[in-house]
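Hi,

Here is the structure I promised to send over. Have a look, and my notes follow below.

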Amino acid sequence: MLGEFIKIFREFPFKFRVLVITAFIDTLGGTLIFPFIALYITHRFGVGMTQAGVLLAIFSITGLMGSLVGGALTDKFGRRGIVLFGLVFSALSNVSLGLVDDLTVFYLLAAFVGLLSGVSGPAHQAMVADMLPEEKRAEGFSMLRVVANLAWIIGPTIGGLLASQSYLLLFVLDAVASLTTAAVVYRLIPETKPQAPAGRPQSLLETLAGYRLALSDKPYMAFLIVSILMLVVYQQLYSTLSVFLRDVHGVSTQGYGALMSLNAVLVVLIQFWVTRKIKPYAPMLMLAVGTAFFMVGFTMYGLVSAYALFAVAMLLITLGEMIVVPVTQAVVANMAPETMRGRYMAVSNLSWAIPQAVGPWAAGLIMDNYNPNWVWYAGGILSAVAIVGFCALYLGTRQRVSAPAQPGVVSVEPAA
């Protein structure tokens with residue numbers, strides 16, 4: 001398997017291989033602390049999970065705001081500088097999170113960290129689109145997913161051991177990982193932004209105003225709306241499922257952790273195989289197929305009670321995830337006009353931020369007031385609606401636009 005990974009890895013351009021390595025280093029640093037952030041807050045400040053939930057919401061909201069700013073800056077000034085800015089300043093602010101001992105200051109600092117961390121996200125995604133041709137982008141995003149999941153297998157294990165000694169050490173190591181990543185990017189990755197069209201350069205305000213074009217791009221916004229329906233269901237994997245399994249079926253945290261480990265290991269082992277198998281088919285149809293796996297897998301949690309069947313449901317969800325996540329990222333990159341990739345990537349974050357904010361809250365209302373199984377029945381219904389939506393998008397966008405993409409003009413997928 002390692003030999004196959006190396007063989008596939010070598011098929012990509014050198015700059016992209018470096019980007020993959022830096023993504024692993026930076027993600028590994030984040031996984032040292034992120035799984036334990038709620039434990040850290042409750043332990044350090046003596047508060048409950050409500051306050052920890054407020055903090056996670058702050059991270060999500062400010063991260064989205066930073067992403068929107070970063071998308072415009074990426075298209076205006078380039079990718080490399082924004083990536084370096086985000087890495088260096090988030091590293092410094094992360095260390096400060098481990099030093100403060102006032103909860104109010106911690107919240108303010110968390111907003112600052114979320115903002116800075118979000119700034120560089122669109123630049124990272126735009127770099128991938130810049131470096132790879134359209135036909136290789138899904139595989140490129142798959143490779144980034146594999147190394148991210150590998151980091152999630154390694155990082156929390158190390159973080160759990162170190163957390164018992166010092167939480168501050170976790171923040172410091174996360175900062176070291178970010179600064180190491182910044183040094184590698186500075187040394188080995190040049191600017192990837194495509195040459196701007198001839199003419200008067202846009203001002204920053206004009207670049208920000210360009211979000212109107214992305215938001216008025218009807219096929220693109222329709223794609224994001226359908227994606228939101230699908231991702232509201234998917235996000236339950238990381239929020240509601242652990243509580244549901246504990247409270248309804250008595251599954252321990254170790255049991256839930258084992259299911260999540262199954263998810264991560266499967267991604268590392270077979271993500272490339274899945275991506276290459278689906279490569280010949282139209283992306284929108286593949287998104288419909290991946291969502292169908294979600295529909296069956298998540299609905300199962302409302303119908304079964306045996307742990308072995310919970311594992312089968314996780315297997316189905318993971319198969320759907322391995323189809324949906326890289327294909328979604330590739331579709332966003334392919335639909336974005338070359339000169340607006342950063343802003344399109346930033347707008348696409350709405351399809352993740354909205355489910356992160358709405359999904360756990362809506363599921364909590366159902367669990368607290370109705371039959372908890374309805375969380376999963378509702379997930380199956382939303383998935384079915386999303387499947388219809390992706391099929392409709394396939395029928396409406398299967399004719400490729402032959403002219404080069406211009407600002408405000410969408411490049412769509414080929415027919416199957």
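A definition to start: buried means under 20% relative accessible area, exposed means over 50%, and partly exposed lies in between (1.4 Å probe, protein chains only). By that rule Tyr301 is buried, because its relative accessibility is 0%.

Some housekeeping: this is a predicted model, so local features need pLDDT of at least 70 and side-chain atom pairs count only at pLDDT 80 or more, while totals for chains, interfaces and linings use all residues. Residues are numbered from 1 along each chain as its sequence is written, and side-chain values use heavy atoms, with hydrogens and water left out.

Now the rings. Searching the whole structure gives 14 aromatic pairs (Phe, Tyr and Trp rings, the six-membered one for Trp, with centres within 6.5 Å; planes under 30 degrees apart are stacked, over 60 edge-to-face, the rest tilted). One of them is Phe298 with Trp376, stacked at 6.1 Å centre to centre and 5° between the planes. Phe298 is buried at 0% relative accessibility, and Trp376 is buried at 1%. Tyr301 also pairs with Trp376, this time tilted: 5.8 Å centre to centre, 50° between the planes. Tyr301 sits in the loop between helix 15 and helix 16 (307-335), 75 residues from Trp376.

Ring pairs also build a cluster, including Tyr234, Phe294, Phe298, Tyr301 and Trp376.

Cheers

Methods:
Helix = DSSP H or I, 4+ residues; strand = E, 2+ residues; numbered from the N terminus.
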